[in-house]
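Please read the following account alongside the sequence and the coordinates.

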Amino acid sequence: MEKMAIATVNQAHFTAASISPLRFSLPSIGKSPSLNRSVRGASFSVRASVAVEEKTLTKAAVIRIGTRGSPLALAQAYETRAKLIDSHPELAEEGAIQIVIIKTTGDKILSQPLADIGGKGLFTKEIDEALINSDIDIAVHSMKDVPTYLPENTILPCNLPREDVRDAFICLTAASLAELPAGSVVGTASLRRKSQLLNRYPSLKVVENFRGNVQTRLKKLNEGVVQATLLALAGLKRLNMTENVTAIMSIDDMLPAVAQGAIGIACRSDDEKMATYLASLNHEETRLAISCERAFLEKLEGSCRTPIAGYAHRDENGDCFFRALIASPDGTEVLETSRKGPYAYDDMMKMGVDAGEELLSRAGPGFFNR
């Protein structure tokens, strides 16, 4: 197994100053109504908001949290830790919770687009193996990275409250995608973003292998590798980096990935102690929405090779409203559908499956190969 780094949970060691800032200026675009703040003439920095100190452990942990090592993954692991301590004060004792950093396949192979690497679980497999082998007690995942199946002997009983699901547009020279000149290059590692972007703005160019953590992508943007990029707003919020946002894209303009903005926490299926801890953290409204979206994804047998989007949420009447989309990779064709029904597990699972069946029927064979 890949060597794992053990991180202590002393918050004093986690400072933004541990990585040198890289600053550059945003164009003057006025005030973002969603962020309710002015970014005119502002500068922003590429930084890691979380750093980790390795040290020899002196006592056995009550809970070992497995996570990837990126700043965003660590932020999510520390959010999990904080919620565990809030619900179970005895876990606040030093050393009671330890964070184990595990490098995944997706972290190791950065020279190829995700779609070319293929397979499922690119960012979860090694963490799941550590969980099964009892090297960790719980695994914290970004839910959009989790395959629709779970490894044997594991369960995922917990979703934390969902963050903002929208995508953020980030650019040095334009206030929106519509303002980018023809031929401008947009960087993204997501076929979902690429296909929706090209469907609306076919004159733009997309660099697919625009990979790396948030800080790396912003550094590439600053260096002029691309003219703009799109990132999940949830990640920027969790990293306290929303000052980097040029504009927030509406759901109508860019339907999010299935489970975007959601954190999932897994444990072994026979570990009742961990299951009890996680049950105290679960946000049921989020869990139901994610279940609906993942039922849709499972029906389509979707992966990083297929441009698929889906978003379920509770509407103003308390019902579930689910929007779904599939697209050809070149963006020339986009198929959409929606469902509405009771905000209850069985009904929402049926909505997801039904939407998947409809779009599969409309798409026909070979749709994703166009």
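**A helix, its charged surroundings and a pocket**

In this predicted model, helix α8, which spans residues 272-279, has M274, Y277 and L278 as its buried residues. These three cover an arc of only 95° around the axis, and therefore they lie on the same side of α8. As a general rule, an α-helix has 3.6 residues a turn, so residues three or four places apart point the same way. On the other side of α8, E272, T276 and A279 are exposed. The cover over the buried residues of α8 includes strands β6 (63-67), β8 (138-142), β9 and β15 (263-268), together with helix α1 (71-87).

Where do the charged side chains pair? Side chains of opposite charge can do so when their charged atoms come close, and the count for this model comes to 21 salt bridges. One of them joins the side chains of R268 and D137, with an N to O distance of 3.6 Å. This pair links distant parts of the chain, since R268 belongs to strand β15 whereas D137 sits in the loop between α4 (125-132) and β8, 131 residues apart. Both partners fall under the 20% limit for burial, because R268 has a relative accessible area of 11% and D137 one of 8%.

A salt bridge also connects R339 and D354, whose closest N and O atoms are 2.7 Å apart.

The last stop is the second largest pocket, which has a volume of about 290 Å³. Its lining is made up of 14 residues, and L156, I290, S291, R294 and Y345 are those that lie nearest the centre. Strand β9 (154-159) and helices α9 (284-300) and α10 (345-363) each supply at least two residues of this lining, with the largest share, six residues, coming from α9. By type, the lining of the second largest pocket divides into eight nonpolar, three polar and three charged residues.

Key. Residues numbered from 1 in each chain as written. Predicted model: local features only at pLDDT ≥ 70, side-chain atom pairs only at ≥ 80, totals over all residues. Heavy atoms only, no water. 1 Å grid on protein atoms, 1.4 Å probe; cavity = no way out; pocket = protein on both sides within 12 Å on 5 of 7 lines; lining within 4 Å. Points joined across faces, edges and corners; volume = space filled by probe spheres on them. Helix = DSSP H or I, 4+ residues; strand = E, 2+ residues; numbered from the N terminus. Nonpolar A, V, L, I, M, F, W, Y, C, P; charged D, E, K, R; others polar. Buried < 20%, exposed > 50% of the residue type's maximum accessible area, 1.4 Å probe, protein only. Arc of directions from axis to C-beta. Contact = heavy atoms within 4.5 Å. Salt bridge = Lys/Arg side-chain N within 4 Å of Asp/Glu carboxyl O.
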